[in-house]
Amino acid sequence: MSVKPTRAKRAAGLALSLALLGGLLSGCASDGGTETIRFTFSKREAIPFMTKMVNEYNASQDKTRVVLDTSGVDVVSASFVRGNPPDLMLANYNTEVSRFIDRCALSDLSGTAAAGQIREDYQPLLDQYGHCEGRQSALPYSVMASSVIYDKKIFAAHGIAVPKTWDQLLAACEALKTAGVTPFQATIMDNWTVGQGWFDYAVGGSLDVVDFYQRLAAEGDTVGTTSKTSFSQAFAAPMARMQQLLKYTNKNASSQTYGDGNLAFAQGKAAMYLQGPWAFSEIAKTAPDLELGTFPLPMTNDEKDLAVRVNLDLAAMVPQASKHQEAARAFLDYLYKPEHIQAYNDSQLGFTPLKGAAPPKDPRVAGMIPYVDQGKVYQGPSVLIPKTIPVFNYAQAIALGAQPEATLRTLDADWARLAFRAPAPKEKTK
């Protein structure tokens, strides 16, 4: 049975609520002379590492208190709309953040100490996602490289050398198949594994991705069968070769998920696997001592075309609307201290984008180091396409046997419609 509260009890409850609310509000405000900044971080696997770094920074000085926000990209996007964005963002650099760049919603970081340390060859990759005239809107923090993962023991047992040309790759597949070994483990049921793996490696190993997307952008809403540049023209040959390679995969590829693929590869059921370094920890759960290596997927017969897929896994950005610009930049420079950014990337098997930075120590990614060092990299063609276009579904359809030409013409039409609706980029405003 419920009991109706007395007036005195209601008054006491109200007083307690006001006291608690006051405590919460005071926790969000500056504490005396300490300035509070909100720092959003999007890499969920690395939250413990970044929490430790934030705590160490807060303990190292008394001018700024950094509050770590891991609420996710949707909440961050909403905060821009409300005019209350975070003070500093360390987030995946993709088409989702390009709208902030093109609309000049991010402040210029060119004058920071961090900016002076970044390798120049990463700038074209940054520019692929957007541009605000006269501003360095973002700085790369962690670069993830991915390529073919291979089982060194299987290669050695069958006398297979790491292939560096298309013909050598086909010869290796035939030799493995003849020996009763499945050349590639594929997981076509999960469309993202086709998009970020098979589709991206095939295209990125065949053409200059930066040049292609620059020419595609110049076409605007005229992209199609009659334009000088289109998906249906440039991607047709790579997709045909992708389909050729998929004949060397496990028979149940169409019903295999990412988890299935990790387990099967750990069990030695295939010699090669098109996945990124994030798969290493999953494979190690079953086979911790498996000797694995990496190499770029050769799609031509010219070794000069070899390159690895990269993505700017994290980039630093300071929104223009932040009311704590100086404090945000001070913490940004702390994050970019060589010992801090190197420690972060070592923990995630990432490449540090600073001049003269040491490469990852893990031997499993050693095969990619020469290519990253020489700038022989490309961003995944699939992730340069806005998410409103279902490119992963298209890649999956082609992997399952759909005609590449027809599917790529659909992709052309999607791109043209989106380009027609897209607003023109803004110039820098003072």
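An axis, in what follows, is a line fitted to the C-alpha atoms of a helix over the stretch in contact, and the angle between two such axes runs from 0 to 180 degrees between their N-to-C directions. Two packed helices are described by the angle between their axes and the distance between the axes. The model on the screen is a predicted one.

First, the overall picture. The protein chain has 18 helices and nine strands. Of its 430 residues, 50% are buried. Among contacts in the chain with a separation of 6 or more, 79% are between residues 24 or more positions apart.

Now the helix pairs. I start with helix α2, residues 47-60, and helix α14, residues 325-335. Their axes come within 11 Å and cross at roughly 120°. That angle makes α2 oblique to α14. The crossing of the two is right-handed. Which residues of α2 and α14 meet? From α2 there are Met 50, Met 53, Val 54, Glu 56 and Tyr 57, and from α14 there are Ala 330, Phe 331, Tyr 334 and Leu 335. Sorted by class, the residues of this contact of α2 with α14 are eight nonpolar, no polar and one charged.

The crossing of α2 with α15 is right-handed. On the α2 side the residues are Phe 49, Met 50 and Met 53; on the α15 side they are His 340, Ala 343, Tyr 344 and Ser 347. This contact of α2 with α15 has five nonpolar, two polar and no charged residues. Note that Met 50 and Met 53 of α2 meet residues of α14 and also meet residues of α15.

Trp 166, Leu 169 and Leu 170 of α7 meet Arg 241, Gln 244 and Leu 245 of α11. Those residues divide into four nonpolar, one polar and one charged.

In α12, residues 258-266, the buried residues are Tyr 258, Gly 261, Asn 262, Ala 264, Phe 265 and Ala 266. What do they pack against? The list has the strands β4, β5, β6 and β7, and the helices α8 and α13. After α12 comes Gly 268, which has a positive phi, near 75°.

On to the cysteines. A disulfide is a covalent bond between the sulfur atoms of two cysteines. How many disulfides are there in this model? The count comes to one. The partners are Cys 104 and Cys 132, with their sulfur atoms 2.0 Å apart. The link is right-handed, with 105° about the S-S bond. Cys 104 lies in the loop between α4 and α5, and Cys 132 in the loop between α5 and β4, so the pair ties together parts that are 28 residues apart in sequence. Cys 104 counts as buried at 7% relative accessibility, and Cys 132 counts as buried at 1%. Another cysteine, Cys 173, is buried with a relative accessible area of 0%.

Last, two loop residues. Ser 382 is in the loop between β9 and α17. Is Ser 382 buried or exposed? Its relative accessible area is 3%, so Ser 382 is buried. Leaving aside residues up to four places away in sequence, Ser 382 touches Gly 195, Gln 196, Phe 199, Asp 200, Val 391 and Phe 392.

Pro 363 sits in the loop between α15 and α16. With a relative accessible area of 56%, Pro 363 is exposed. The C-alpha atom of Pro 363 is 7.2 Å from that of Gly 293, a residue 70 places away along the chain.

That is the end of the tour.

Terms used
Residues numbered from 1 in each chain as written. Predicted model: local features only at pLDDT ≥ 70, side-chain atom pairs only at ≥ 80, totals over all residues. Heavy atoms only, no water. Buried < 20%, exposed > 50% of the residue type's maximum accessible area, 1.4 Å probe, protein only. Helix = DSSP H or I, 4+ residues; strand = E, 2+ residues; numbered from the N terminus. Contact = heavy atoms within 4.5 Å. Nonpolar A, V, L, I, M, F, W, Y, C, P; charged D, E, K, R; others polar. Disulfide = S-S within 2.5 Å. Parallel < 35°, antiparallel > 145°, perpendicular 65-115°, else oblique. Left-handed = near helix turned anticlockwise from the far one by under 90°.
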